[in-house]
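This report goes through selected local features of the structure shown below, one element at a time.

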Amino acid sequence: MNCYLDRSGSLWFSVGNGDAFRIQDGKLHAVRGLEQGNVNWFLELESGEIWIGTENGLFTVKNDRAEQINDPALATITSSHYTAAHVGADGSIWLGTETGVVRYKSGSFMAFGSNEGISEEFTDRLVVDSRQHLWFGGRNGLSMAPISQFDHHSKDQVNQVACRQFESFQFTPSPFGPKTLLASDGGIWIAANSGVLKIPSNRHINSVPPRPQIEDVKLDGKSNKDVSNVEFASGRHRLSIQFGAVSFSSPKNVRVRYKLEGYDSDWIDAQQLRSADYTDLQPGDYQFKVTATNEDGVAAEAERVMTFTVHPRWFETVWFKLVTVLSVIGFSTLSTLVYSRSLRRRNEVLQREINDRRLAETRLTSSEKRFRDLAESTHAIPWEADAQTQQFTFVGNQAVELMGYPVEEWLTEDFWIEHVHPEDREDAVEYRLNTTQRGQNHQFEYRMIAADGSAVWLHDVFHVVMTDGVANRLRGFLVDVTDRRSAEEKAKDYLQQLSRLNRTASLGEMATSIAHEVNQPLFAIVGNAQIAQRLLKQDQPDMKEVREALGEIVGDGNRAASIIDNVRSLTRKEQRATESLDLNQVALDAIKFIMPEIRKRGLNLRTELEDALPAINGNSIELQQVILNLVINGAQAMRHAEKGYNELLLQTTAQNGFVELTVKDHGVGIEQDHLDRLFEPFFTTKPQGTGMGLAINRTIIEAHRGSIWAAANNPCGAEFRFRLPVAESIKS
Amino acid sequence: MTSNGIVYIVDDDASVRSMVTRLFRTSGWQVESFASAAEFLDFRRPNAPGCLLLDVEMPGLNGMELQQRLSERHAELPIIFMTGHGDIPMSVQAIKAGAVDFLPKPVSDQLLLEKVELAIQTHAKQERESNEVKLFRERCEMLSNREREVMDLVITGMLNKQIASRLGITQATVKAHRGKVMNKLGITAVADLVRLCERAKL
């Protein structure tokens with residue numbers, strides 16, 4: 001129930017639930033147009049207009065008809081519950097709502113809610129005192145702010161209204177008004193929960209402005225009392241600025257705000273905090289400002305300002321970038337110089353090594369000759385023949401035992417030519433005739449057919465006796481070397497079998513790789529065929545795509561076939577055939593299969609192949625096997641390779657008269673004691689190793705008249721190198 | 001048929017790359033193919049839904065490593081692995097790391113097309129939804145404290161009356177707050193509000 005007497009003498013009253021009435025001159029008039037909800041207050045404006053505040057909005061009354069006031073400014077405060085109204089001395093009308101305060105001045109509304117610093121709480125006590133402070137309160141407490149603050153806000157001079165809060169006064173909402181009164185002595189009266197709160201007009205107002213201060217600046221936790229001189233380099237620094245404001249009467253109610261020019265776009269209300277923290281400030285000049293208002297809204301006379309500089313870090317400066325570029329250029333030049341010098345040095349070392357090796361080889365040959373001479377003296381058949389007709393004129397008695405023919409038969413015409421094995425005949429006869437004509441002493445090996453039809457291997461050494469510059473007689477020795485020869489043949493067979501076994505074993509290692517290798521073209525073939533089918537089903541097939549797809553099917557089919565062909569050739573049991581080879585191509589063919597397996601193990605196989613390598617004579621499959629074996633060995637040694645050492649290097653080089661191939665790994669390396677024994681058969685350090693791999697490698701390389709050896713790699717691991725002589729035709 | 005999405009292919013085998021590119025090109029997709037993981041990482045991907053067809057065995061970075069790099073970059077591109085000889089542990093690892101599928105080569109073209117289309121659709125949907133949630137979060141920032149309080153109670157299923165009594169305000173104000181919440185968030189139905197709050201984990 002609310003009552004109000006306007007200046008014209010009308011009595012306004014409400015009786016709950018939206019019903020309001022006016023009594024004038026003894027007549028009752030109902031006010032229509034109010035919606036449901038309690039009427040909280042009536043108010044007469046200067047103009048005589050009557051406003052009604054209800055739970056559901058703010059209304060103006062014209063001819064006893066209430067119309068809702070819909071102003072865009074009112075929409076910003078959400079609540080339509082108008083709880084209190086008060087007319088200030090300046091003619092402003094103050095309205096209390098559930099979510100803030102509204103000021104109506106000079107015909108326009110201005111709403112103050114939480115964004116403007118006014119508590120978003122139920123405000124149903126509202127009064128302006130004689131010193132122009134607005135007091136407003138409700139369930140959460142009583143607040144006070146100078147009206148000048150609201151003026152400043154309206155002129156955009158402050159973002160928030162500074163209120164002083166008295167939380168100890170809390171008022172239970174009540175539907176009956178009015179609940180505040182401005183007394184004639186200037187004091188104000190506010191209805192409280194039990195009794196009345198009186199605030200006298202001579203209430204002390206603190207007119208001493210607070211003095212904002214910057215007390216300390218901490219950089220990464222280190223204190224810097226001299227705040228006038230702060231500078232530091234950018235980066236991960238934490239700058240903590242401590243500030244405050246001196247005000248003695250009510251320090252708790254001082255309101256401090258700060259702003260970092262160049263960083264904050266607006267003033268920040270420090271609330272209870274007295275420090276501001278900044279991290280990762282960009283290089284530049286900054287100004288930190290602090291200002292404050294005291295409990296009665298009196299603002300500080302001046303802001304406290306501190307300037308500081310954030311310097312660019314050394315690497316952010318221009319000169320640093322310049323120096324970096326210059327030093328990179330300098331360094332690369334220097335390293336090129338150092339690298340070429342070390343290459344020269346390595347070349348000299350290699351040269352020396354080659355000379356040493358040659359000397360050793362010569363020594364070996366002469367000792368071998370002495371040894372052979374000795375052997376011949378014990379088992380040899382002496383003979384003499386006519387240099388022109390090749391007819392024997394004399395043979396030792398051992399000849400009968402050896403071949404089963406009587407001595408007389410040896411001495412018949414063309415005996416030698418007729419009894420040389422048919423397969424060897426052409427070469428042997430031609431060789432002997434040639435050497436005889438040139439007058440050279442010589443030795444060679446060939447087969448003869450014995451009386452029992454068996455083939456006998458003979459080592460034939462002879463001396464040409466010259467008379468008057470013409471070859472007259474031949475004198476020599478025949479040695480039976482059949483046992484040695486057949487042992488050699490067996491060894492060769494054995495070697496081939498072993499090689500095949502070894503290749504088949506390597507094949508196991510490569511099974512995944514081969515499957516992958518074949519699978520790729522197959523996938524592409526199937527896919528392209530499906531695409532072609534799909535395209536051809538369309539009404540207007542894109543024939544260009546179809547043709548391309550078919551073309552790729554052909555290409556990939558051939559690719560798959562050649563892969564399979566290559567694999568089969570590795571396992572084929574075939575005789576040693578030699579041909580002119582490019583070792584680079586042999587190496588590339590060999591590693592093609594093992595490459596995916598190497599990658600799967602997280603290793604990187606790098607090749608450094610010398611361009612235009614001279615050709616060598618050899619068997620491609622056997623050499624591929626050696627290379628494959630060396631690469632697999634390297635990869636196995638690097639099973640536990642450290643990061644950064646995952647490179648396996650395959651190199652080819654040409655060295656006067658030789659071609660060399662090196663495989664370098666960064667694996668576990670070879671113990672010094674083992675270096676000499678590595679190539680012995682059955683010598684192995686691997687639990688599953690047969691110890692045959694390197695032995696077979698050596699046999700193969702030596703069969704190619706080459707050599708193979710191992711050394712330590714730098715900084716870790718091992719290197720295996722073999723060398724093969726360049727093919728004759730190129731050499732001469 | 002022209003589809004809005006990009007198929008990325010990373011495979012070191014030129015034949016496979018060419019075939020897969022043709023398959024998707026002739027099916028109306030935009031295709032970008034790369035011979036190595038490094039090439040793909042260097043590529044500036046346009047902001048469009050897509051799907052990555054990735055070979056496992058490659059020199060340099062392999063497929064699994066590329067997947068890890070992408071996840072470190074928070075690139076939420078769906079990945080379908082293709083491999084010539086994948087084993088179960090490998091596929092488990094890939095799927096656990098977020099791969100959409102792990103297909104053995106050779107893959108039927110029909111299956112590949114279906115898988116990729118599904119992955120791209122899913123990706124596009126995810127992108128749309130994550131944009132929606134992002135927008136919703138931004139809008140929530142605009143709510144005042146009181147509005148936020150009201151929203152938090154609304155999504156628990158409380159009636160206006162209950163909210164009013166909980167916050168000590170009238171029903172009319174609750175209604176007004178609610179209206180402003182819905183307005184600011186650009187939502188008309190409470191069901192949407194509940195769904196989005198759930199999704200945005202608010």
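## Helices H10 and H11 of chain A

The model is predicted. In chain A, helix H10 (residues 583-600) and helix H11 (residues 620-637) have axes that come within 9 Å and cross at roughly 40 degrees. That angle makes H10(A) oblique to H11(A). The crossing of H10(A) and H11(A) is right-handed.

On the H10(A) side, the contact consists of A:Leu583, A:Val586, A:Ala587, A:Asp589, A:Ala590, A:Ile591, A:Ile594 and A:Ile598. Facing them in H11(A) are A:Ser620, A:Leu623, A:Gln624, A:Ile627, A:Leu628, A:Val631, A:Ile632 and A:Ala635. By class, the residues of this contact between H10(A) and H11(A) are 13 nonpolar, two polar and one charged.

## A:Leu623

A:Leu623 lies in helix H11 of chain A. This residue counts as buried because its relative accessibility is 0%, where the cut-off for buried is under 20%.

With neighbours within four places in sequence set aside, A:Leu623 is in contact with A:Leu581, A:Val586, A:Ile616, A:Ile701, A:His704 and A:Leu724. One of these, A:Val586, also belongs to the H10(A) side of the helix contact described above.

## Helix H2 of chain A

Helix H2 of chain A spans residues 147-154, and A:Ile147, A:Gln149, A:Phe150 and A:His153 are buried in it. These four residues are on the same side of H2(A), because they cover an arc of only 155 degrees around the axis. A:Asp156, which follows H2(A), has a positive phi, near 65 degrees.

## Positive phi in two loops of chain A

A:Asn63 sits in the loop between strand E7 (57-62) and strand E8 (65-68) of chain A. Its phi is near 50 degrees, a positive value in a residue other than glycine. A:Asn63 has a relative accessible area of 76% and is therefore exposed, the cut-off being over 50%.

A:Asp220 is in another chain A loop, between strand E20 (211-219) and strand E21 (222-224). A:Asp220 is not a glycine either, yet its phi is positive, about 50 degrees. With a relative accessibility of 44%, A:Asp220 counts as partly exposed.

## Chain B overall

Chain B has nine helices and five strands. Along the sequence, these elements follow the pattern β-α-β-α-β-α-β-α-β-α-α-α-α-α.

Chain B contains 202 residues, of which 48% count as buried. Where contacts in chain B join residues at least 6 apart in sequence, 65% of them link residues at least 24 apart.

## Helices H7 and H8 of chain B

Helix H7 (residues 160-167) and helix H8 (residues 171-185) of chain B have axes that come within 8 Å and cross at roughly 105 degrees. H7(B) and H8(B) are therefore roughly perpendicular to each other, a term that covers angles from 65 to 115 degrees.

H7(B) contributes B:Asn160, B:Lys161, B:Ile163 and B:Ala164 to the contact, and H8(B) contributes B:Gln171, B:Val174, B:Lys175 and B:Arg178. The contact of H7(B) with H8(B) has three nonpolar, two polar and three charged residues.

## A cis peptide bond in chain B

The peptide bond from B:Lys105 to B:Pro106 is cis, and its omega is near -5 degrees. B:Pro106 belongs to the loop between strand E5 (101-104) and helix H5 (109-141) of chain B.

Technical notes. Residues are numbered from 1 along each chain as its sequence is written. Chains are lettered from A and ligands numbered from 1 in the order in which they are written. This is a predicted model: local features need pLDDT of at least 70, side-chain atom pairs count only at pLDDT 80 or more; totals for chains, interfaces and linings use all residues. Side-chain values use heavy atoms; hydrogens and water are left out. Axes are lines fitted to C-alpha atoms, for helices over the stretch in contact, and angles run from 0 to 180 degrees between N-to-C directions. Angles under 35 degrees count as roughly parallel, over 145 as roughly antiparallel, 65 to 115 as roughly perpendicular and the rest as oblique. A crossing is left-handed if the near helix is turned anticlockwise from the far one by less than a right angle, and right-handed if clockwise. Contact means heavy atoms within 4.5 Å. Ala, Val, Leu, Ile, Met, Phe, Trp, Tyr, Cys and Pro count as nonpolar, Asp, Glu, Lys and Arg as charged, and the others, Gly among them, as polar. Buried means under 20% relative accessible area, exposed over 50%, partly exposed in between (1.4 Å probe, protein chains only). The arc is that of the directions from the helix axis to the C-beta atoms.
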